[in-house]
Structure formats: C-alpha cells, structure tokens
Amino acid sequence: MPAAFFIFVTIFQGILVFGHWFLYETAVLFFGITDSGVLLALRVVLGILSFIFIPASVIAYRRTGRWVRVFYTFAATWLGVFVFFSAAAYFSWVALGVLSFFNVLVDPGAVLAVFLLLGLAGAVYAVLNASWIRVTRVSVPLANLPRSWREKKILWVSDLHLGQVRNYSYARKVVERMQELKPDIIFIGGDLYDGVAVDAE
C-alpha cells in the first residue's frame, strides 16, 4: 500500500470517527440521554457505522455480487445521510448559540430534532435527485454544416456512475430513455463507471 494512500485513508477514517463522535455527543447533550443502555447502543451503532465505508469501498473495488452491492450501497447511503446529519448537528449548535445570545429559551432537543428532520429530508431528496434521469435539449447553430447533418439529433450521455449502486437496471432505464429520443448519433461522455468493480456483461 503506497504511503500517500495509507495517509489519505487514515485521515479520512479519522474524519469519519470524529464526525460520528460529534453526532453522538450532540444527540446525548441536546436530547438529555442518560439511560446507560441507550448510550451504549448509540456508541456501538455509531461506532460501527463510522468504520463501514472504507472496508465496503475496498471490497466493492475488487468484487461484485449481490451481497457486495448490498453492503456497499448501505455504506454509501449512510455516508450521504451522515453528512446531512453532521450538518444538522452543527447548525443545531449554531442555532442554540444564537438563541441563547438573544436570551430566547428553547428546548435543545426540539432544535436538534428539527434540524435532523431537515437533514433527513435533504438526504432523501439527494437520493431521489441522484436517480433522476435528466434530458436537456439544446439547439446548436453551426456555420458551414454539411446539408446531410442539418436537423440531426445528437445525444450526449454522461455521469452514469455505473457500478455497485447503479447497475444493470439503471443502465437499462437509461438505454430505454435514449431509444425514446431516437438520436442520429450518440456520444458517451465521462464518469461512465464509478471506480468500483463492475459486472461488465
């Protein structure tokens, strides 16, 4: 393993651990959790979640298969949700600080609950948005275009990110949509694959 890659993985994992610890501490303080069983469960769950993305990525880079896809999809989805939840925790602290500055008394748990719900809504929107196939139509006037190419429809498709999360079923939807557009020529741009092992067949 190259030293630069090892350093990158170590730093990235450290950020994940710190972020999950921050989320844990915020939840405990804002919700006033004191039950030892709940605290232990939170520590265990968030501790495990903080360590799953890198192993899932390494496995998904080398192998394909149903269980690899399930594991990687779960890890990648949680990473996305975690980013929104971390932002929710941060803004909860900011909101509580601002409200305290103006001597406005509020329940910290209610503040965090609102931001966590907003974060969850943002995460759900992000997942739906990422799976939405967009078609943008653009007319391109070109000087001296040969008569045989006039009024032709060119299709440019890119950023499919095929791999463990988006696989055969997604590719099939894209192809069906492409066929509906009846292009005269198709260009395939970048980010066709997602940098993980792919079942090319």
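This is a predicted model: local features need pLDDT of at least 70, side-chain atom pairs count only at pLDDT 80 or more; totals for chains, interfaces and linings use all residues.
Q: Which of its lining residues are closest to the centre?

A: The second largest pocket is lined by 14 residues, and F5, I54, S57, V58 and Y61 are the ones closest to its centre.

Q: Which elements give two or more residues to that lining?

A: Helix 1 and helix 3, the latter covering residues 53-62, each give two or more, and the largest share, six residues, comes from helix 3.

Q: Let's stay with helix 1: where does Q13 lie, and what does Q13 touch?

A: Q13 lies in helix 1, which runs over residues 3-31, and, leaving aside residues up to four places away in sequence, Q13 touches S50, F51 and I54.

Q: Is Q13 buried or exposed?

A: Q13 is buried, because its relative accessible area is 13% and the cut-off for buried is under 20%.

Q: What about G32, where is that found?

A: G32 is found in the loop that links helix 1 with helix 2, the helix of residues 36-49. With a relative accessible area of 46%, G32 is partly exposed, because that class lies between the 20% limit for buried and the 50% limit for exposed.

Q: How many residues apart along the chain are G32 and P108?

A: They are 76 residues apart along the chain, and in the model their C-alpha atoms are separated by 8.8 Å.

Q: Changing topic, what is the volume of the largest pocket, and how many residues line it?

A: The largest pocket has a volume of about 1,700 Å³, and it is lined by 50 residues, of which R134, V135, W156, V157 and S158 lie nearest its centre.

Q: Which elements each supply at least two residues of that lining?

A: They are helix 4 (66-101), helix 5 (108-130), strand 1 (154-157) and helix 6 (168-181), and helix 4 gives the most, with eight residues.

Q: And what does the lining of the largest pocket have by class?

A: The lining of the largest pocket has 29 nonpolar, 11 polar and 10 charged residues.

Methods: Residues are numbered from 1 along each chain as its sequence is written. Side-chain values use heavy atoms; hydrogens and water are left out. Helices (H or I, at least four residues) and strands (E, at least two) are DSSP runs, numbered from the N terminus. Buried means under 20% relative accessible area, exposed over 50%, partly exposed in between (1.4 Å probe, protein chains only). Contact means heavy atoms within 4.5 Å. On a 1 Å grid over the protein atoms alone, a cavity is a set of points where a 1.4 Å probe fits but cannot get out, and a pocket is an open set with protein on both sides within 12 Å along at least five of seven lines; lining residues have an atom within 4 Å of a point. Grid points are joined across faces, edges and corners, and a volume is the space filled by probe spheres set on the points. Ala, Val, Leu, Ile, Met, Phe, Trp, Tyr, Cys and Pro count as nonpolar, Asp, Glu, Lys and Arg as charged, and the others, Gly among them, as polar.
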